[in-house]
Amino acid sequence: QVQVVESGGGLVQTGGSLRLSCAASGSIFKINFMGWYRQAPGKQREMVAVITSGGSTNYAESVKGRFTISGDNARNTVFLQMNSLKPEDTAVYYCNVVADSSLGPMRYNSWGQGTQVTVSS
């Protein structure tokens, strides 16, 4: 199993910044990619940013130029630096980890419990 723990959410004013952190632990042989998703009230969960173990990144159009995803492979950790925050960024942010198991030919697709980000206008 893989455990995923997020931290760093909170309340910030429009234009402010927050940095989210996510750490994965457990029976991990190799992480394939880690990513951040978010879900606002009444809306579907959407991809925010994803990073592969090789460092390739992909962003939602709505956050390009404002958010930056980065990873620390040695610590199985991923970060999301969020700048120029807007009220529409308000959501629960979830970390997702896709990893190969150290216990055998299995692949995990694990989610954290989520962290609330609220941007006030």
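## Pocket and salt bridges at a glance

Arg38 is buried, with a relative accessible area of 6% (buried means under 20% relative accessible area, exposed over 50%, and partly exposed in between, using a 1.4 Å probe and protein chains only). This is a predicted model, in which local features need pLDDT of at least 70, side-chain atom pairs count only at pLDDT 80 or more, and totals for chains, interfaces and linings use all residues. Residues are numbered from 1 along each chain as its sequence is written, and side-chain values use heavy atoms, with hydrogens and water left out.

**Salt bridges**

- Across the whole structure, a search finds 6 salt bridges, each being a side-chain nitrogen of Lys or Arg within 4 Å of a carboxyl oxygen of Asp or Glu.
- Arg38 pairs with Glu46, and their closest N and O atoms are 2.7 Å apart. Glu46 is partly exposed at 36% relative accessible area.
- Asp72 and Arg75 meet through their side chains at 3.1 Å, N to O, in another salt bridge. Here Asp72 is partly exposed at 21%, while Arg75 is exposed at 61%.
- Arg107 and Asp100 form a salt bridge too, at 2.9 Å from N to O. Arg107 is exposed at 54% relative accessibility, whereas Asp100 is buried at 19%.
- Shared partners link Arg38, Glu46, Arg66 and Asp89 into one network of salt bridges.

**The largest pocket**

- The largest pocket holds about 160 Å³ of space. On a 1 Å grid over the protein atoms alone, a pocket is an open set of points where a 1.4 Å probe fits, with protein on both sides within 12 Å along at least five of seven lines. Grid points are joined across faces, edges and corners, and the volume is the space filled by probe spheres set on the points.
- Lining this pocket are 13 residues, and the closest to its centre are Thr52, Ser53, Gly71, Asp72 and Asn73; a lining residue has an atom within 4 Å of a point.

**What builds the lining**

- Four strands, β4 (28-39), β5 (46-52), β7 (67-72) and β8 (77-82), each supply at least two lining residues; strands are DSSP runs of E, at least two residues, numbered from the N terminus.
- β4 gives the most, with 3 residues.
- By class, the lining has 5 nonpolar, 7 polar and 1 charged residues. Nonpolar covers Ala, Val, Leu, Ile, Met, Phe, Trp, Tyr, Cys and Pro, charged covers Asp, Glu, Lys and Arg, and the others, Gly among them, are polar.
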